[in-house]
Amino acid sequence: MEAVLLTELSDIEIIDAYCNTGNQRAATAFVRKYQKFVFATVLRYLNNFDDAEDVTQEVFIKALNNLDKFRKESNIKTWLYRISVNQSINFKRKKSIFSVFKRQSIDSVREMSNNSPNPLQMLEGRELELKFLSSLARLPEKQRETFALKYFEGLTYDEISSVLGTSVGGLKANYFQAVKKLSEFLNKDN
Amino acid sequence: MNTDHNLPDYNKMQKLLPDYVLGEINAEDKIFFENNLPLFPDLVKEVNDGLSLFARIEAMDIDGILKQQTKNISVRVIDGLDKQRAKSKFNFVSRVLFPSVGIVAVVIVFFMFNVGGNNLFNTKKHDSTKVNINQNSDNTSITNNANNVEEKVFDEKTIEKHGNELEKIYNDSPELFNGSTISPSTVFDEIENLNDEQFEEIIKELKNEKINS
C-alpha cells in the first residue's frame with residue numbers, strides 16, 4: 001500500500017527516502033517506476049527474455065547500491081540507461097566466454113524448457129508485438145536506440161545525445177532511417 | 001503531378017519529410033509540405049509508410065508485454081539486495097577479520113620468540129627454546145625455565161666481550177691450550193652456564209699460565 005503511494009512521489013523524494021533510511025518500500029517503488037524502461041533497454045541489447053530479467057535485476061541492485069552517488073540535477077532515466085547498457089554488454093561478454101561450456105548442456109536445457117512454460121509461450125497471441133521487437137532488433141544500434149528512446153521513452157534529442165554521443169542532427173537522421181527500415185521489415189514480413 | 005526531382009521544392013520537401021513523419025514540423029512548414037506533397041508520389045509513399053508504422057505500433061500492446069515480463073522484478077531485486085548484504089557480512093569475516101586475526105597472531109608469536117635479541121633463526125649462540133628471557137635494565141638476567149631458578153648468566157654483549165678476550169689470549173699464546181681441557185670452543189659451549197666469577201677464574205688461570213710460562 002505504502003509502496004503504491006511511494007510510486008506517486010517524485011524521483012528525488014523516492015531517492016531520498018531510500019538513501020536516508022534504506023527503506024525496502026522505497027526500493028520497491030523505485031524499481032516499479034523504472035522496471036519497464038530498464039527491462040526494455042536490456043531486452044533490446046540481449047534479445048532474450050530470461051537473460052533480460054536477470055540483467056534487469058542486476059541493474060537495479062547496482063543502481064540502488066549507488067543511488068547516493070546519483071547527481072540529482074541529471075535525468076534518472078539517462079543514468080539508468082547507462083547502467084543498463086553497461087550491464088548488458090558485460091553480460092554478453094561473460095556469456096560469450098562461457099558459451100563453450102553451455103553448448104554441452106543444450107539438450108538438458110531443451111528438456112527443461114519442454115517441462116516448464118517458457119517466456120515466448122507465455123507471450124502467445126502477441127505475434128505482432130514479437131514481430132515488431134524482432135524487427136527492432138535488426139536495426140543498427142544507434143538507429144534502434146534513437147527510435148526506442150524517442151518513441152517509447154519520450155526522451156528529448158538532447159537527452160538522447162548525451163547518452164549516445166551523437167549530434168541532434170544525426171539523431172534526427174537516425175530516427176527517420178529507423179522508421180523507414182522498420183516499415184520495410186514489417187511490410188516484407190507481411 | 002510533378003515528379004521532376006530537380007525542382008527546388010523537392011529538396012525542401014525531402015528535408016521536411018522526417019520532421020513531418022515524426023510530428024516535429026512547425027505550422028508554417030506543415031502547410032507548405034502538405035500543399036506540395038501530392039506533387040511527389042515517392043514522398044507520398046514514404047510519408048504513408050512512416051505514418052502507418054506509427055499507427056501499427058500504437059495498436060500493439062508492447063507495454064503489456066513489458067508489464068508481464070517485469071511483474072516479479074521488484075521482489076527479485078529486494079531478494080538480491082538481501083542476499084548481497086548477507087554475503088558482504090560473510091565477506092567481511094572471511095576477507096578481513098580472519099586474515100587480520102591471523103596476522104596479529106603471527107606477529108605475537110614472532111615477537112614472543114624474538115625479545116631480548118634471541119632469534120628463532122639464530123640458534124648457534126643461544127638455545128632460545130631453553131630459556132625465557134626477561135630483559136632487565138642491565139641486560140644480564142635470564143630465567144631458566146626448566147629449573148625455575150633464577151641464575152645470573154651472561155647476555156650477548158658480555159659473552160662477546162669475554163669471548164674476544166679469550167680468543168685474543170688463544171691467538172697470542174696457543175701453546176697455553178695444549179693438553180688443556182679449556183679451549184675457546186669448550187668455553188663457548190659452556191659460557192651460557194657460567195657466572196661472572198667462574199668466567200673471571202678461567203681468564204685469571206689462563207693469564208697466570210701465560211705469566212708462568
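What share of the contacts in chain B with a separation of 6 or more comes from residues 24 or more positions apart? Hold that thought while I set things up. This is a predicted model, where local features need pLDDT of at least 70, side-chain atom pairs count only at pLDDT 80 or more, and totals for chains, interfaces and linings use all residues. Residues are numbered from 1 along each chain as its sequence is written, and chains are lettered from A and ligands numbered from 1 in the order in which they are written.

Okay, back to chain B. The share is 40%, where a contact means two residues whose C-beta atoms, placed from the backbone, lie within 7 Å. In chain A, among contacts between residues at least 6 apart, 60% join residues at least 24 apart.

Next, burial. Of the 190 residues in chain A, 31% are buried, and of the 213 in chain B, 11% are. Buried means 20 or more other C-beta atoms within 10 Å of the residue's own; 12 or fewer is exposed, and in between is partly exposed, again with C-beta atoms placed from the backbone.

What about secondary structure? Chain A has eleven helices and zero strands, while chain B has eight helices and three strands. From the N terminus on, chain B goes α-α-α-α-α-β-β-β-α-α-α. Helices here are DSSP runs of H or I with at least four residues, strands are E runs with at least two, and the numbering starts from the N terminus.

Let's zoom in on chain A. Helix H2 (residues 11-21) and H3(A) have axes that come within 8 Å and cross at roughly 145 degrees. Those axes are lines fitted to C-alpha atoms, for helices over the stretch in contact, with angles from 0 to 180 degrees between N-to-C directions. This crossing is left-handed, as in the near helix being turned anticlockwise from the far one by less than a right angle; clockwise would be right-handed. Ile14(A), Ala17(A) and Tyr18(A) of H2(A) meet Ala26(A), Ala27(A), Ala29(A) and Phe30(A) of H3(A). By class, that contact has seven nonpolar, no polar and no charged residues. For the classes, Ala, Val, Leu, Ile, Met, Phe, Trp, Tyr, Cys and Pro are nonpolar, Asp, Glu, Lys and Arg are charged, and the others, Gly among them, are polar.

Now follow H3(A), residues 24-46, to helix H4, residues 49-65: their axes also come within 8 Å and cross at roughly 130 degrees. So H3(A) is oblique to H4(A); under 35 degrees is roughly parallel, over 145 roughly antiparallel, 65 to 115 roughly perpendicular, and the rest oblique. The H3(A) and H4(A) crossing is right-handed. Among the residues making the contact are Phe30(A) and Phe39(A) of H3(A), and Val55(A) and Phe60(A) of H4(A).

How do the chains meet? 25 residues of chain B are in contact with 30 of chain A. H5(B) gives the largest share of chain B's side, eight residues. That side has 13 nonpolar, seven polar and five charged residues.

Asp49(B) is partly exposed because 17 other C-beta atoms lie within 10 Å.

Finally, confidence. Chain B's mean pLDDT is 73, with 63% of its residues at 70 or more; pLDDT is the predictor's confidence in each residue, from 0 to 100. Over residues 123-152 of chain B, pLDDT stays under 50. The model scores ipTM 0.76 and pTM 0.63.
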